[in-house]
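Q: Could you walk me through how to read charged side chains and a ligand site in a model like this one?

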Amino acid sequence: MVTAGRTVFSVQKYNVSFGDNEIAIAVERFGSPLWLYDFEIIEKRVWDLRSFGIIRYAQKAAPNINLLSRMKDLGVDVDAVSAGEIVRALRAGFAPSQIRYTADIFDRDALALVKEHSIPVNIGSPDMLFQLNETGIKVPLAIRVNPGFGHGHSHKVNTGGELSKHGIWHEELVEIAGKAAELGFNVECLHMHIGSGSDYIHLSQVVSAMEQAVGSTIAVIPDLKIISIGGGLPVSYSRDKPAKRMDLERYYDIWDSARKRLHSHVGNYLQLEVEPGRYLMAESCVLATEIRAVKKMGKNLFYLIDAGFTDLVRPALYGAYHHISIIHRNGNATGEEANVMVAGPLCESGDVFTQEEGGVVVSRRLPLAQVGDLLVIHDAGAYGSAMSSNYNSRLLAPEVLLEKGNFIQIRKRQTFEQMLSNECET
Ligand SMILES: Cc1ncc(COP(=O)(O)O)c(C=O)c1O
C-alpha cells in the first residue's frame with residue numbers, strides 16, 4: 001500500500017492459519033501462557049523441502065513426541081543430539097535406522113542407547129570413534145566436518161572455525177575417516193552444519209569446503225552415500241516489510257550441482273540431506289500470554305505478561321526479534337497505539353521480550369492494552385518451548401496443536417508436584 005510520500009506495508013499479523021479467535025478460545029480452555037502450534041504450517045514447510053533426498057528434522061527445535069510422530073508420518077528422518085532425544089525419537093515411532101545421533105561427545109547414557117538400538121552416529125570428535133569402537137557394534141557413521149570457518153545469527157550459534165567446539169577439524173578429516181574405515185565402520189555420510197542459509201557468498205565457501213572434504217576422503221571412504229548440509233535455513237521473523245522467504249530453489253540448485261559434480265568424481269550415487277530445525281518449526285507456533293500488569297516507569301510504558309524467558313529465552317539470549325500482537329479480550333480496543341516495552345514475571349532484569357543483542361531494552365509500537373488482554377508472541381515454534389526452564393520455579397507451559405480444526409493437547413501444564421518430584425526430602 002503506498003500513501004503520499006511514504007510506503008506503508010500492511011503488517012501481516014499471523015503466519016499460522018488460526019487467528020485471535022482461536023487463540024482466545026485455546027487460552028480459555030488450556031490457560032495462559034500456552035504454546036499453540038499449527039500442523040498445517042509444519043506440513044507446508046516439509047513440502048517446501050521435498051526436492052532434497054533426505055529431510056532430517058533437527059528435533060532440538062521442538063522435540064514434543066507428538067510433533068515427531070507426525071513428522072515421521074510425513075517421511076522425515078530425525079536427528080538426536082542427546083540420550084533424551086534418542087528416547088523421544090524411539091517413543092515417537094522412528095526406527096533406529098531413521099535416527100542419527102549427532103554430537104561432539106558420547107555421555108554414558110547416549111553411548112548405551114546407541115549400542116542397545118544400533119543407532120547411526122555422526123561423530124564430532126575423534127574420541128567418539130574410539131568409544132564407539134569399544135562397544136563392539138558397527139553402526140553406519142557420518143563424520144561432522146569443521147571446515148575451519150563458521151557462520152550464525154549470533155556468536156552464540158557460530159558453528160565452525162577454531163573457536164567452535166563442533167566437528168572434526170578439517171585437517172584431521174582424512175586421518176579420522178581412514179581410522180574409521182580401518183576399524184570396520186561404514187562411513188556413509190559427510191556432514192557440515194555451518195548455517196549459511198541465504199548468504200550466497202558464504203554458501204559458495206561451504207559448498208567448496210564440502211567438495212574438498214569429499215574429494216580428500218574418496219580413497220579412504222569409497223562407499224560414501226550421503227552429503228548432509230546441516231540446517232541453518234533462515235526464516236523471516238520481522239514483519240516490517242513483506243516477508244522475504246528464502247529462495248529455496250536456488251539453494252537446492254547450488255547444492256544439487258555440487259552433488260552432481262561429486263557424483264561424477266566419486267562414482268557413487270550421492271543423496272543430498274538437509275537437517276533443518278528452525279525452518280520447519282519457527283512459523284508454526286505462537287506463545288499466547290496474558291497481560292498481568294500495565295505500568296509506567298518514568299516515560300516508559302511496560303506490559304508485564306505471565307510468560308518470561310523461562311518460556312521463550314531467544315530475546316534474552318540473542319536479542320532475537322519476535323513479532324508481537326494484542327488480543328483485546330473485553331471489547332476494550334481503542335484503536336490507539338503506544339511505544340511499549342514487554343517484559344515477563346521473573347526476578348531478573350533481563351526478562352524482557354523487547355530487547356536487542358547486548359541486552360538493550362527497546363520499545364515496540366503496540367495497541368494500547370489493559371490487564372487481562374492477551375499478548376501473542378509469534379514465530380515461537382523453534383527453540384521456544386524446547387528451551388524452557390524451571391528457573392524461578394516457574395512451571396513449564398502446556399503445548400497444544402491445532403490440527404484439522406481440533407485443539408489437541410500435546411503437553412499438559414507442569415504441576416508443582418511434578419516440579420518437586422525429584423527433590424529428596426531429607
Ligand atoms: C548439527 C545441527 N543440525 C541442524 C541444526 C538445526 O539448525 P536450524 O534450526 O538453524 O535449522 C542444528 C542447530 O543447532 C545443529 O546443531
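This is a predicted model: local features need pLDDT of at least 70, side-chain atom pairs count only at pLDDT 80 or more; totals for chains, interfaces and linings use all residues.

Q: How many salt bridges does a search of the whole structure find?
A: The general idea is a distance test: a side-chain nitrogen of Lys or Arg has to lie within 4 Å of a carboxyl oxygen of Asp or Glu. Here the search gives 22 salt bridges. One of them joins Lys-60 and Asp-79, with N to O at 3.7 Å.

Q: Which parts of the chain does the pair of Lys-60 and Asp-79 tie together?
A: Look up where each partner sits. Lys-60 is in the loop between strand S4 (54–58) and helix H3 (65–73), while Asp-79 belongs to strand S5 (residues 77–80), so the bridge ties together parts 19 residues apart in sequence. Lys-60 is partly exposed, at 33% relative accessible area, whereas Asp-79 is buried, at 1%.

Q: Where do Asp-379 and Arg-239 lie, and how many residues apart are they?
A: Start with the distance: the closest N and O atoms of Asp-379 and Arg-239 are 2.7 Å apart, and the two form a salt bridge. This pair links distant parts of the chain, 140 residues apart. Asp-379 lies in the loop between strand S20 (374–377) and strand S21 (399–403), and Arg-239 in the loop between strand S11 (226–228) and helix H9 (248–266). Asp-379 counts as buried at 2% relative accessibility, and Arg-239 counts as buried at 6%. Bridges can also share partners: Glu-28, Glu-290, Arg-292 and Arg-329 are joined that way into one network.

Q: Is Asp-104 buried or exposed, and which side chain of opposite charge is nearest?
A: For a charge without a salt bridge, check its other neighbours. Asp-104 is buried and has no salt bridge; Arg-144, the nearest side chain of opposite charge, is 4.6 Å away. A polar atom of the Asp-104 side chain does lie 2.9 Å from the backbone nitrogen of Gly-167. Beyond its neighbours within four places in sequence, the contacts of Asp-104 include Ser-125, Met-128 and Lys-165.

Q: How many residues surround the ligand, and which are the closest?
A: List the neighbours, then look at the polar atoms. The ligand has 13 residues around it, the closest being Gly-232, Glu-275, Gly-277, Arg-278 and Tyr-383. A nitrogen atom of the ligand is 2.7 Å from a polar side-chain atom of Glu-275. An oxygen atom of the ligand lies 2.5 Å from an N or O atom in the Tyr-383 side chain. The ligand taken alone exposes 400 Å², and the protein buries 87% of that.

Technical notes: Residues are numbered from 1 along each chain as its sequence is written. Side-chain values use heavy atoms; hydrogens and water are left out. Buried means under 20% relative accessible area, exposed over 50%, partly exposed in between (1.4 Å probe, protein chains only). Lys and Arg count as positive and Asp and Glu as negative; His and the chain ends are not counted. A polar contact is a pair of N or O atoms within 3.5 Å; within protein, one must be able to donate a hydrogen and the other to accept it, and residues adjacent in sequence count only if both atoms are side-chain atoms. Contact means heavy atoms within 4.5 Å. A residue is near a molecule or strand if one of its heavy atoms lies within 4 Å of it. Accessible areas come from the Shrake-Rupley method with a 1.4 Å probe; for residues, only the protein chains shown count as cover. Helices (H or I, at least four residues) and strands (E, at least two) are DSSP runs, numbered from the N terminus.
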